[in-house]
Structures are given as C-alpha cells and as structure tokens.
Amino acid sequence: MERGKMAELESLETAAEHERILREIESTDTACIGPTLRSVYDGEEHGRFMEKLEARIRNHDREIEKMCNFHYQGFVDSITELLKVRGEAQKLKNQVTDTNRKLQNEGKELIIAMEELKQCRLQQRNISATVDKLTLCLPVLEMYSKLREQMKSKRHYPALKTLEHLEHTYLPQVSHYRFCKVMVDNIPKLREEIKEVSMSDLKDFLESIRKHSDKIGETAMKQAQQQRNLDNIVSQHPRISAGKKSKKEACASSELEVPGAQDLVDFSPVYRCLHIYSVLGARETFESYYRKQRRKQARLVLQPPSNMHETLDGYRKYFNQIVGFFVVEDHILHTTQGLVNRAYIDELWEMALSKTIAALRTHSSYCSDPSLVLDLKNLIVLFADTLQGYGFPVNQLFDMLLEIQDQYSETLLKKWSGVFRNILDSDNYSPIPVTNEEVYKKIVGQFPFQDAELEKQPFPKKFPFSEFVPKVYNQIKEFIYACLKFSEDLHLSSTEVDDMIRKSTNLLLTRTLSNCLQNVIKRRNIGLTELVQIIINTTHLEKSCKFLEEFITNITNVLPETVHTTKLYGTTTFKDARHAAEEEIYTNLNQKIDQFLQLADYDWMALEPGSKASDYLVDLIGFLRSTFAVFTHLPGKVAQTACMSACKHLSTSLMQLLLEAEVRQLTLGALQQFNLDVEECEQFARSGPVPGFQGDTLQLAFIDLRQLLDLFIQWDWSTYLADYGQPTCKYLRVNPTTALILLEKMRDTSRKNNVFAQFRKNERDKQKLIDTVAKQLRSLINSHHS
C-alpha cells in the first residue's frame, strides 16, 4: 500500500514538473531554451515528457486550424482588393515614366551647368585649401630664413630661441610636408652647430679673461687702495665726514674713477653660452667644462715666475693675476645662477691660499733688502684687503706676515749691522767739540744729555762722548721706526705692536750692536784712547736706555708697567761692552808694559849700581802717567782698577824678571840697581796717577818686591827667620822659596867671582852664612809642605 502511494505521489510530481517545463518552453526565447531541455534529459521521464509535448502540439494545431477557419472570408476579400490596386499601380507607373522622360529632356542643360558649377566650387575649395596651407607654411619658411640669418650674423642666443619656436610651434602644424621633414632632420645639426659656436665663444672668453686678469686685479687693488685711503682720511679727520652717507658718496666717486671687472671684460659670451647649454639640456656639461678650465687657469696663475723675488713688480704682477682671477669668479658667482657656487669658490680659494703662502715663503726668503720686504708686506696687506672685500677669508695671509716680520727683522739687523760698523769705523773716538750754542743744542736734541756743569762752561767746550753716541742712539730710533712701519695695517693690538718692537730692538742691542762693539774692542790696532772713549760712550748710551723705553711707549701707547711688556736689554748690552773694553784696557796696558820690559837690559854681574833708575823703566812710568791722565773721564772704579792692574802686572813682571831661570847669577850691585827701578815704581804709585786710592793702597802692588829687596839689601835674615809665620812679621810677603831662589843666584856669584874668597875670612863667613840661611830656608819650605 505504502509503495503504491509513493509511486502515485512521484507520478504527480513528475506531471507537475513537465507542465512547468512546457509552460516555460512556450514563454521563453528560443535562444534560452537549452537549459530547460537539459533539465528534461537530465531526468528519467523524458519519454513521458515527449508524450505530453506531442499532446500539447496537437492541441495548438487544432487551435490554429480553428482560427484560420474563422478568418478565411476576410482573407479572400483582401486578395480581391489587392488585384484592383495592381492595375491602378501600373497606370501610375506609366505616368511617372512619362514624366521622368520629359524631365530628363528638360534638365540636360541644367545638369551641364551644375557640372560646371561643381568644378568651379571644387577649384575654389582647392584654392582656399592651398591658401590655408601656404598661410601655415610661410611663417615656417620665414622663421627658418630668420634662423639662418641669425646664425650667419652669429646671434646664437636669438637663433636658439627662433629654433625653439620653429620646432615646437610652427613645424608641428605642417609636419606632413616633405620640406618640413628636411627641416626637422636639420634641427639637431643646427642645435649642435649653435653649441659648438657658443663653446668657441666661451673659449675665446676664457682666453680673454686669462689675458685681462692682470688688469682686472690691478684695477681691484687700486679700488681697495682708494677705499683704504678714504677710510684713513675719515678716521683722521672725522669732522670732514658727515656720516656714512658722505663716505658712500666718496666710494661711489672713487668707483667712477676706476673701472670694474665688468667694464674691462665682456661677460655676455659666458651668459649666452650658459643659457644656450641650459636650453639644450646640457647645463651640467657646460658647468663641468667651465670649472675644469678655470681650475687649470688657476693653477697657471698660482705658479709664480722664478725671478719673482728680484723686484716688487714681480710680486705685484703675481698678486694682480690672482686677484683678477677671483674677482672674475666672484662676478660670475653673483651674476649667474649655479654656474659656480660658494663651495667651488671656497675650494679654489683654499688651494690658492696654500700655494700663494708657500710661494711667498719661498721667494721672500731670498730677499735681503728690508725696503723691498717692507714694500712686499704693504703689497700683501693690500692683496689681502682687496680679496677680503670680496668675502674671501685672509687670516692665514696675516699670520704669514708675522713670519715675514721675523725675516724683515733679520734683514733690518743685517742692514743696521753695516750702519753701526760704518759709524764705529768712521768715529774719531774723541770728545765732540762745540764752538757755539747752536751746535750744542743740535747735539743735545739728537741725544738726551744733561750736564749742568758743562752747560755753565764757556765755548768752546767738549761733550764727554764722541760722535758715535748720538749717531748710534738715532740709528736705534730709526730701527724702531722701521719696525713700526712693518706693524702698520696688520690689525695688531697696541700690546702686540709694542712687544714686536721691543723684541726686535732687543735683538738689535744684544746681538747686532753688541757684536759691532765687541769687534771694535777686539780690533788689533785699537789704542787705549779709543778704549777709554768706548767706555765713556757706552756709559752714556746705557743711561739713554730709559729714554728709548719712553720713546717706544710714546709711539705704541703701551706703558712699561703693563703685564707681559718686554723690557729693553740695552743696559746689559752696554755694560757688557764696557766690561769688555775695560778688560781690553787691562790687557792692552799689560801688553804695553811687557813691551817696555822687553827693553830691560840689566847687568846682573854689576859690582856697583847706577845713579838712577833704568831708562826703560823711566819711559814706562812716563807712558803710564800719560795714559792715566786720559782716564780722567772714566768712571772712578774703572780708572782705579786699570791703574791697580797695571801696577800689579808691572810688579809681577819685575819679580819674574828677577827670578827667571836664565838669570843664574846676580850681584848685590845688580840687585841695588833693580831696587832703584822698584823705587821709581813706588814713587809713581805714591804720586797718585789716578785719584780715589786711599793711603798707600797703590804702593801695596809692589810690596812683595819691596820686602824681598829690603831683605837682601839689608841682609836681615835673622829678623826674617825669627819672625817667619807671625802676622807682624816685617817680611811677611817674602816667600821662602822665592828667597831661596834668589839666594842661590847670589851664592853662585860669590863662589865664581871670588877665587880667593876662601883665603878671606869675611867672604868665608858670608858664604857660611848663605849656606846656613839656605839650609834654614829649605827647612822652612819642607815644614811648610809637610
């Protein structure tokens, strides 16, 4: 039962589905019926569906047949009407054909006229089109002709603009014409030609500025010099300036007088070439080429000529070229956008600065003329100020100038060494005589000297110093002025200038002047008079050192009490020279004494003394008297020391003469003659050849000789031997060794000259006494050594 119900249910569902499909087929477009039929064939009941479909078709056929049967009479009536219409249509056709024939015959002339009109209209249209095309082509041709004309006249920048208009504005409108294609093909060539020609102009420009760099630099440095002069005038006379406005007006007037770089060089080629390359898209190529060429030119400019150091013009031309180069680059920097930039300029300047400083160090080292070094310094300052005005840093140049200042100082020292030598060589080493007030004031004006006693004396009178004192003093001042000149415009503080001047002046005093004085003092042929005058001169120059200090203070406005202020060493210099002169006087006196002593001709075997002192000694004493008379202007201690030194040397030399080994024997008579000479020396000492000695101080120089001679002449051996070693001993200055040497010479004489002495009791006793004394002296010597 259940299976039967299920089968029945399925059969109803299938029937309903087939009915739906049939309705869908009836109502669906034929193109979309495929999916519907597929659903039939996908099922298993297509046989039954076909049966239903055929049954549905039969139903529709019956309906169609009923409908046709219902409208058949109307159809027949319509056919009948159509047949009537066909006959009428034939008649109408014949009428239309006849009318057309007549119209054709009548319209032949009109057609011919219309054809002619058509041709005219066609020609008119062609002419109009031709005019329009020519209207488009003529500007192109005119523009091309204009381009050629501009190229021919070398107006390349306008030519490039014309080329741009031609390429982008005119040619696109007529690009289909063959002549336009020729033009288009020719445009790259024209563009390349413009590039080449403009590059040629640039090369000419680079060559031109290379040749004109010297003139440009000279012009710029003249402008800087005028500006500096103007600044100096304004700073020295502030009332003349009515403020910054008048200064600017003066600057403007000075600029009108001196042409600038743009007035000397036509910069238009570089502007045109830059713009042309920019338009052509090759700006980087142009910038690279320009900078490369200018770097090459910079290296050439910075290479100094080998003989630059010989003249100032050599340095000036070198600086002019460098300034000219950088003035051009600065102008290019400010009148073009990006052709050169600040980094490029700074790089070039760093290279130029290092090479310039190296060149200046090398070439300035060859210069030995201080005037040329000073002119070079002024030129370097102008060079630095000029470039600083264009914004270039120049501190290294001023640092280098401080190095050149040391060299300048050395050249000054060499020059002043010659000046001092000439002064010292030409001096007469005599006090300066003055015959009237005018000459007196002139010398006092040259050298700071005040002496109330000298001023009171009537004319003619003499200064204590010789001419080299005021001359040397004035030359020291001239040297200070020369040092000051170098410090100008170096932007140094007053303290730095003061320090520089003092250090250089110290070198002048302690090295140059000191050496010159020492050379004069050590000269072979120098006399005592000259040495005395040198001592007097150096004494006065030493006193003048404080005035030199004041002189430097006045020109630098830096007080000596200022911290770190260098002191002048002039006092030391003149003291050293004076001491050297004093030593030379002592040496010279001793040499003169030695020369006189070489004339001594004693008869050591004389039995009796002469009636007076030896001639050589009398002459020696006379020489000493005249010499010490010249010492009146010397400082007291110097004269006293010289006199004491001479007396001591004379005493020592006489003692050596008495004791020398060559004198093997001497008699009492010879000893008494020698005593006369010593007494002459003592008389000279007592006469006070130099004032200032107290009591018999000078006589003490001969005390050794005096005691020795007294001992032998008085034959006072008992006193000597008894009191030996006591502070109150009469013969305290007699050395037992010295006494023994002299005693041995007298004993040998006694033995040799007294053949029969052994037969004379007195002689035998004296000989015994000599032997006894000699034995005791040896005992004293031995005990002293032990």
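The following exercises, each with a worked solution, concern a predicted model of one protein chain.

**Exercise 1. The chain as a whole**

Determine how many helices and strands the chain contains, and what share of its residues counts as buried.

*Solution.*
Step 1. The chain has 27 helices and two strands.
Step 2. The chain comprises 786 residues, and 40% of them count as buried.
Step 3. The accessible surface amounts to about 45600 Å², and carbon and sulfur atoms contribute 52% of that surface.
Step 4. Among contacts with a separation of 6 or more, 78% join residues 24 or more positions apart.

**Exercise 2. The surroundings of F49**

Decide whether F49 is buried or exposed, and state which residues F49 touches beyond four places away in sequence.

*Solution.*
Step 1. Locate the residue: F49 belongs to helix α3, which covers residues 46-152.
Step 2. The relative accessible area of F49 is 2%. Buried means under 20%. F49 is therefore buried.
Step 3. Leaving aside residues up to four places away in sequence, F49 touches H18, I21, L22, I25 and V40.
Step 4. The C-alpha atoms of F49 and T14 are 9.0 Å apart, although 35 residues separate the two along the chain.

**Exercise 3. Two helix pairs**

For the pair α8 and α9 and the pair α18 and α19, find the packing angle and the residues that meet.

*Solution.*
Step 1. Helix α8 (residues 268-279) packs against helix α9 (residues 283-301) at an angle of about 145°, and their axes are 7 Å apart.
Step 2. On the α8 side the residues are V270, C273, L274, Y277 and S278; they meet R283, F286 and Y290 of α9. Sorted by class, this contact has six nonpolar residues, one polar and one charged.
Step 3. Helix α18 (residues 528-543) and helix α19 (residues 545-556) pack at about 35°, with axes 4 Å apart.
Step 4. Here L541, E542 and K543 of α18 meet C545, K546 and F547 of α19. The classes are three nonpolar, no polar and three charged residues.

**Exercise 4. Aromatic pairs**

Classify the pair F326 and F392, and explain why the pair F449 and F463 counts as edge-to-face.

*Solution.*
Step 1. The structure holds 34 aromatic pairs. F326 and F392 form one of them, with ring centres 5.3 Å apart and 70° between the planes, and this pair is edge-to-face.
Step 2. F326 lies in helix α10 (residues 312-335), while F392 lies in the loop between α12 and α13; the pair links distant parts of the chain, 66 residues apart. Both residues are buried.
Step 3. For F449 and F463, the ring centres are 5.6 Å apart and the planes stand at 70°. Planes over 60 degrees apart count as edge-to-face. The pair of F449 and F463 is therefore edge-to-face.
Step 4. F449 is in the loop between α14 and α15, and F463 is in the loop between β2 and α16, so the pair ties together parts that are 14 residues apart in sequence.
Step 5. F449 is buried at a relative accessible area of 8%, and F463 is buried at 0%.
Step 6. F449 and F463 are also members of one aromatic cluster, formed with Y440, F447, F459, F465 and Y473.

**Exercise 5. The surroundings of F459**

State which charged residue sits over the ring of F459, and describe the peptide bond from F459 to P460.

*Solution.*
Step 1. The charged end of K461 sits over the ring of F459, at 4.4 Å from its centre.
Step 2. The peptide bond from F459 to P460 is cis, with omega near 0°. Most peptide bonds are trans.
Step 3. P460 is located in the loop between α15 and β2.

**Exercise 6. Positive phi values**

Decide for Y429 and for H491 whether the residue is buried or exposed.

*Solution.*
Step 1. Most residues other than glycine have a negative phi. Y429 has a positive phi of about 50° although it is not a glycine, and H491 has a positive phi near 60°.
Step 2. Y429 lies in the loop between α13 and β1, and H491 lies in the loop between α16 and α17.
Step 3. The relative accessible area of Y429 is 5%, so Y429 is buried. H491 has 59% relative accessibility and therefore counts as exposed.

How values were computed. Residues are numbered from 1 along each chain as its sequence is written. This is a predicted model: local features need pLDDT of at least 70, side-chain atom pairs count only at pLDDT 80 or more; totals for chains, interfaces and linings use all residues. Side-chain values use heavy atoms; hydrogens and water are left out. Axes are lines fitted to C-alpha atoms, for helices over the stretch in contact, and angles run from 0 to 180 degrees between N-to-C directions. Contact means heavy atoms within 4.5 Å. Ala, Val, Leu, Ile, Met, Phe, Trp, Tyr, Cys and Pro count as nonpolar, Asp, Glu, Lys and Arg as charged, and the others, Gly among them, as polar. Buried means under 20% relative accessible area, exposed over 50%, partly exposed in between (1.4 Å probe, protein chains only). Rings of Phe, Tyr and Trp (its six-membered ring) pair if their centres lie within 6.5 Å; planes under 30 degrees apart count as stacked, over 60 as edge-to-face and the rest as tilted. A charge sits over a ring if NZ of Lys or CZ of Arg is within 6 Å of the ring centre and within 35 degrees of the ring normal. Accessible areas come from the Shrake-Rupley method with a 1.4 Å probe; for residues, only the protein chains shown count as cover.
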